[in-house]
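Let's take a friendly walk through a two-part model. Keep the sequence and the 3D view open beside you as you read.

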Amino acid sequence: MLGFATRKLLISIVVLFFATLVAFLLVATVDPIAEQRVFLLSQPGGAEQIDRLEASLGLDKPLIERYGSWLGDLLTGNMGTSTDNGRDVTTLLGEAIPVTLRLVIAATVVSVILGVAVGVVSAVRQYGAFDNISTFFAFLFFAMPVFWLGAVLKDLGIRFNDWWGSRIFFTIGEQSPRLEADFWGTWADRAGHIMLPALTLVLIQLAATSRFQRSAMLDVLESDYIRTARAKGVPRRRIITHHALRNALLPVVSYTGLTFGTLIGGTVVTEVVFNWKGMGRLFLESLLDGDVAVTQGWLLAVGISVIVVNLLTDLTYGFLDPRVRDG
Amino acid sequence: MTGLDSSRAETPVLSVRDLEVAFPTPDGDVQAVRGVSWDVYEGEVLAIAGESGSGKSVSVMAAMGLLPATAQVSGSIAYRGRDVLAMSDKDLERLRGSSISMVFQDPMTSLNPVMAVGAQIAEGVRIHQRVNSRTARSKAVELLDLVGLPNAGQRVDSYPHELSGGMRQRAMIAMAIANDPDLLIADEPTTALDVTIQAQVIDVLERAREATGSALVIITHDLGVVARIAHRILVMYAGRAAETGMADGVFERPSHPYTAGLLGSIPRLDAPKGTRLMPIDGAPPSMLAPPPGCAFAPRCPRATPLCSQEIPELRPIGNQQSACHHGEDQYNEAEDV
């Protein structure tokens with residue numbers, strides 16, 4: 001297992017290097033001073049100013065040299081400053097990442113636990129009432145656009161608050177602005193804010209996860225080694241928990257790893273619907289502003305999270321399946 | 001049809017009577033087993049032989065309560081006088097793995113890939129015996145040693161993919177005899193293995209049977225396997241018994257043309273030089289709509305109009321029993337050869 005982990009870690013480091021290259025090159029052709037250029041050209045002495053600006057940003061140097069200095073700065077934790085508002089990119093990402101991670105982790109944990117449970121029960125009682133009902137809702141939520149589901153939940157949340165008489169669900173932001181509370185008060189406030197956006201993601205994720213778990217479980221229950229376990233006299237409940245589930249978790253682990261990585265960069269719609277200042281929002285703004293440094297930093301941060309999550313997925317997979325460990 | 005060895009005084013370990021099994025499909029019922037009876041006695045090796053689809057596996061699956069829920073089963077299966085078909089799930093779980101246990105065809109897919117083989121053996125021990133995990137583990141090592149796995153002390157922690165096909169099948173046999181069963185059922189235990197390994201596995205099975213003193217039902221299409229260890233043989237065709245008797249007798253003087261055909265289609269060392277193998281022409285009938293008379297009639301060199309009208313019942317011929325209208329002719333001809 002240790003050798004397997006080391007191997008996977010080394011591969012991750014190589015992939016990380018390529019991620020920096022891709023993050024850099026993807027935006028390298030964008031002109032970070034496009035707006036200033038237009039303005040300055042109409043001014044007397046503007047051409048010189050443009051030259052100075054280019055030199056200060058290193059735009060006069062060849063691409064490979066720019067990549068080298070960007071990478072060098074990166075190693076010291078410096079990702080440059082936003083060309084839009086002059087703020088430090090590391091700080092911007094440092095603010096946005098925890099917000100998005102909170103949402104994505106909460107949504108993933110809940111959807112995986114529920115998804116596995118629903119999938120297993122559906123498979124064990126295939127075509128039973130529970131299976132049919134969960135199948136119906138799985139397809140319903142799977143087919144629902146995120147922005148619409150988010151908006152509906154927001155509306156329901158507000159109606160619920162009115163009926164209840166006090167605010168349970170917050171519909172805007174990741175926490176109350178200018179909140180002054182102790183540690184527990186802060187997290188209680190965050191919990192109130194996270195429920196609806198997380199529920200949005202959970203419902204959509206749950207649909208896929210439970211279907212995956214169901215079909216994996218059905219496959220496994222048909223397999224020869226389950227018949228062997230039955231022939232050994234293993235009680236039905238133990239067959240499901242000890243023999244079938246562990247094997248049937250494998251596809252779900254892969255799927256969850258994949259979607260978790262995507263979610264970190266892909267919650268744009270949910271964040272916009274609920275006015276969260278997370279990674280999705282940061283990406284949208286930096287892209288619209290042509291903010292090269294922020295976009296590069298964002299791409300790299302998302303790249304790193306995908307790599308880390310994949311590493312964790314591989315390790316989990318290796319833990320569950322001895323065949324992968326040796327392979 | 002209940003006359004199988006009824007002369008014997010002791011009660012059989014397992015007694016199957018008029019077993020019928022059908023599987024409903026959209027095209028109609030597949031009649032996998034159409035009335036079969038057999039007994040297996042203590043310490044005895046019974047071989048059930050026949051080609052794919054003859055119902056040999058299905059009839060033992062029924063005895064283990066391992067058929068899918070959709071299967072329609074009638075007749076009776078009694079384990080030491082207790083009706084297996086009427087047992088509750090709890091009773092079946094208690095029976096399986098302790099009194100009756102089973103070795104399956106493909107040891108690669110029949111072992112759980114994510115559990116060490118020792119853990120799979122120990123699990124069976126702990127389900128049926130009140131022992132702690134350490135005792136169960138050392139029992140697993142002991143069993144692996146018994147079935148001839150080299151370095152059993154280390155192999156106990158191996159995963160199935162780390163073992164060869166032959167070693168996996170040995171581990172399966174170790175698992176099956178973990179609780180000293182009265183009856184061991186081996187369903188095509190050598191079919192998925194290399195020819196060179198097959199003989200070894202049969203020896204291990206025989207040794208395991210002797211060590212536990214259990215009866216053994218071995219299901220096979222390989223008559224070489226039958227010749228090696230079986231005391232008695234039941235030849236099945238299209239869900240019915242074709243012939244049954246002592247293995248030696250059946251080999252020497254088959255009283256059913258199908259048995260004779262099977263024997264003629266395998267190479268024998270004692271056959272005169274230049275003897276040609278005689279394959280049986282044609283294919284087994286569809287079990288969706290089996291022919292009205294003898295199911296073997298369309299392929300049978302002895303078939304007469306009677307054969308395709310009336311199903312022949314099993315009846316004594318010589319020391320055997322044969323379900324053939326022309327059984328005597330077959331039996332007598334075999335003597336002349």
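## Two chains, two builds

Chain A has 14 helices and 0 strands (helices are DSSP runs of H or I with at least four residues, strands are runs of E with at least two, and both are numbered from the N terminus). Read from the N terminus, the order of elements in chain A is α-α-α-α-α-α-α-α-α-α-α-α-α-α. Chain B has 11 helices and 12 strands.

Before going on, two notes on reading the model. This is a predicted model, in which local features need pLDDT of at least 70 and side-chain atom pairs count only at pLDDT 80 or more, while totals for chains, interfaces and linings use all residues. Residues are numbered from 1 along each chain as its sequence is written, and chains are lettered from A and ligands numbered from 1 in the order in which they are written.

## Size and burial

The C-alpha atoms of chain A fill a box of roughly 90 × 60 × 40 Å along the principal axes. For chain B, the C-alpha trace spans about 65 × 50 × 45 Å along its principal axes. How does the radius of gyration of chain B agree with that of a compact globule? With 337 residues, such a globule would have a radius of gyration near 20 Å, and chain B has 21 Å, which agrees (the radius is taken over C-alpha atoms, and the globule rule is 2.2 Å times the number of residues to the power 0.38).

Of the 327 residues in chain A, 32% are buried, and of the 337 residues in chain B, 50% are buried. A residue is buried if 20 or more other C-beta atoms lie within 10 Å of its own, exposed if 12 or fewer, and partly exposed in between, with C-beta atoms placed from the backbone.

## Nonpolar cores

The largest nonpolar core has 112 residues (a nonpolar core is a set of buried Ala, Val, Leu, Ile, Met, Phe, Trp, Tyr and Cys residues joined through C-beta atoms within 7 Å). The residues with the most contacts inside this core are Ala47(B), Leu144(B), Ile173(B), Ala174(B) and Val217(B). Leaving aside residues up to four places away in sequence, Val217(B) touches Val40(B), Leu46(B), Ile48(B), Val60(B), Leu183(B) and Ile185(B) (two residues are in contact if their C-beta atoms, placed from the backbone, lie within 7 Å). Apart from this core lies another, of 39 residues, including Val89(A), Ala107(A), Leu206(A) and Phe274(A).

## Where the chains meet

How many residues of chain A are in contact with chain B? There are 19, and they contact 25 residues of chain B. H9(A) gives the most, with 6 residues. By class, this side of chain A has 6 nonpolar, 5 polar and 8 charged residues (Ala, Val, Leu, Ile, Met, Phe, Trp, Tyr, Cys and Pro count as nonpolar, Asp, Glu, Lys and Arg as charged, and the others, Gly among them, as polar).

Now look at H9(A) itself. The buried residues of helix H9 (residues 224–231) are Tyr225(A), Thr228(A), Ala229(A), Arg230(A) and Ala231(A). They pack against helix H10 (236–266) of chain A, together with helix H1 (56–64) and strand S6 (100–103) of chain B. Just after H9(A), Gly233(A) takes a positive phi of about 90 degrees. Pro235(A) sits in the loop between H9 and H10 of chain A. Pro235(A) is partly exposed, because 16 other C-beta atoms lie within 10 Å.

## A helix pair in chain A

The axes of helix H12 (residues 279–288) and helix H13 (residues 292–320) of chain A come within 9 Å and cross at roughly 145 degrees (axes are lines fitted to C-alpha atoms, for helices over the stretch in contact, and angles run from 0 to 180 degrees between N-to-C directions). Met279(A), Leu282(A), Phe283(A), Ser286(A) and Leu287(A) in H12(A) meet Val294(A), Thr295(A), Trp298(A) and Val302(A) in H13(A). By class, this contact has 7 nonpolar, 2 polar and no charged residues.

## Two loop residues

Asn275(A) lies in the loop between helix H11 (268–273) and H12 of chain A. The phi of Asn275(A) is near 55 degrees, a positive value in a residue other than glycine. In chain B, Arg80(B) is found in the loop between strand S4 (72–79) and strand S5 (82–83), and its phi is near 45 degrees.
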